Amino acid sequence: MTSLSLMVIAALFLRLVMTDSHSSVALAAPNSRLKYTCTPGRVVKHQECCKWFEILDDMQENLFENECGPEAHESLRAMFHDAIGYSRTGMFNGTYAGGGADGSIMFHAEVELAYKANVGLDEIIYPQRNVALKHDVSFGDIIHFAGAVGLTNCGGGPRLQFFAGRPNTSEPAPDYMVPAPFHTADQIFERMADAGFQPDEVVQLMTAHTVAAQHSINPGFNSAPLDSTPQDFDGQFFVETLLRGTEPAGNGTEQGEASSPLPGEFRLQSDVLLARDPRSACEWQSMINHHEVMIAKFERVMTKLTTLGQDRGALIDCSDVIPGSSRLNHEAMLPAGKTMKDIEPACALIPFPSLSTVSGPVKSLAPVRHKYAHH
């Protein structure tokens, strides 16, 4: 037998050894990184990530119904409220606060959901908890996976990184770690700095409010959106927070509520302050009509948020399970009935962007539909 024949046989034998016909594992093409085929059309870098496709399908069908609705909004809120229970010192008011994005808001729901800042989150935490138990994944993983998946249903939404493998152990986060809408800018920046975020990053995290709704500040005006396009992840929120407030969305007596520029729109006092504070005003204004930059910054700061308190080296990058979102086909605009004279620009370093105006009569915004009732 020639040496060439021996080489061919050896190559065939090596291929047989490395390929398992009963496995979902597929060999990578030459000169490419190893990939694993979970099901047709679904390929990941790490085989352990395959199970998350089943969870993705379950969530989209039964939790989000493939919509950018209140379940997606509240899942994003749950990510922040879980992760921000973290201090770089490991302590807060004499209590352990080093867990961060560990699922403690779900693991210790009877404790953390009683905090005033977390009112209403039971509507999403308990349904998510059922999904975690059904698929045998940790509470920390399910919270941060759900938030990433829900956002992909929003027009122009980001594609957040998702890291799996958080242990299902945690301690309750202390109360008062979530910045409140009635806090001053100084209080907000101080709390966020304690968690490791600078003023520009605080603004970038506030991008989440572009698909948000008021839930508990004014119970009589529940589910009022924070901007006029709550189904789209766009720059409209950053425009409308700079409009001069004219009247309260609710009764105007609730702590943290500010006068709103549009009928049916709710405005947080904290958003008004951050939009106009010299430490954050220019970053705030830069988000208007720079959608790709806004998305990139949000994705980066959310990776930081969702891995607070975690050992990144012990987690598995399953970001390739997160689908993309639909394209955004519009830029931020002045709402109907508003002109540039209604804008209160607060950044003196860069010119305010030119905006077109929405045509048609002024309309009152509709509340966001909620599927789940309080537990």
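The side chains of Asp194 and Arg191 meet in a salt bridge, with N and O 2.8 Å apart, where a salt bridge denotes a side-chain nitrogen of Lys or Arg within 4 Å of a carboxyl oxygen of Asp or Glu. Both residues lie in helix 8, three residues apart, or about one turn of the helix; helices (H or I, at least four residues) and strands (E, at least two) are DSSP runs numbered from the N terminus. An α-helix has 3.6 residues a turn, so residues three or four places apart point the same way. Arg191 counts as buried at 7% relative accessibility, buried meaning under 20% relative accessible area, exposed over 50% and partly exposed in between, with a 1.4 Å probe and protein chains only.

The model is a predicted one, in which local features need pLDDT of at least 70 and side-chain atom pairs count only at pLDDT 80 or more, whereas totals for chains, interfaces and linings use all residues. Residues are numbered from 1 along each chain as its sequence is written, and side-chain values use heavy atoms, with hydrogens and water left out.

The chain contains 13 helices and nine strands, and 53% of its 375 residues count as buried. Among contacts with a separation of 6 or more, 71% are between residues 24 or more positions apart, a contact being defined by heavy atoms within 4.5 Å.

A search of the whole structure finds 11 salt bridges. One of these joins the side chains of Asp58 and Lys134, at 3.0 Å from N to O, and links distant parts of the chain, with Asp58 in helix 2 (residues 51-64) and Lys134 in helix 6 (residues 122-135), 76 residues apart. Asp58 is buried at 11% relative accessibility, whereas Lys134 is exposed, with a relative accessible area of 59%. A further salt bridge is formed by Glu201 and Lys304, whose closest N and O atoms are 3.1 Å apart; this pair also links distant parts of the chain, Glu201 lying in helix 9 and Lys304 in helix 13, 103 residues apart. Glu201 is buried, with a relative accessible area of 17%, while Lys304 is partly exposed at 31%.

The pairing of Glu201 with Lys304 belongs to a contact between helix 9 and helix 13 in which Glu201, Gln204 and Leu205 of the former meet Lys297, Phe298, Val301, Met302, Lys304 and Leu305 of the latter. Two packed helices are described by the angle between their axes and the distance between the axes. The axes of helix 9 (residues 199-206) and helix 13 (residues 291-305) come within 9 Å and cross at roughly 105 degrees, the axes being lines fitted to C-alpha atoms, for helices over the stretch in contact, with angles running from 0 to 180 degrees between N-to-C directions. The two helices are therefore roughly perpendicular to each other, given that angles under 35 degrees count as roughly parallel, over 145 as roughly antiparallel, 65 to 115 as roughly perpendicular and the rest as oblique.

Helix 9 is mostly covered, with six of its eight residues buried, namely Glu201, Val202, Val203, Gln204, Leu205 and Met206. These buried residues pack against helix 3 (70-83), helix 8, helix 10 (236-240), helix 11 (269-276), helix 12 (281-286) and helix 13.

Helix 3 also meets helix 13, through Leu76, Met79, Phe80 and Ala83 on one side and Phe298, Met302 and Leu305 on the other; the residues of this contact divide into seven nonpolar, no polar and no charged. The axes of helix 3 and helix 13 come within 10 Å and cross at roughly 45 degrees, and the two helices are therefore oblique to each other.

Arg166 is placed in the loop between strand 5 (163-164) and helix 8 (185-194) and is buried, with a relative accessible area of 4%. Polar atoms of the Arg166 side chain lie 2.6 Å from the backbone oxygen of Phe163 and 2.6 Å from the backbone oxygen of Thr306. Leaving aside neighbours within four places in sequence, Arg166 is in contact with Ala101, Ser138, Gly140, Asp141, His144, Thr306, Gln310 and Leu315.

Note on methods: Polar contact = N/O pair within 3.5 Å; in protein donor to acceptor, adjacent residues only side chain to side chain. Nonpolar A, V, L, I, M, F, W, Y, C, P; charged D, E, K, R; others polar.
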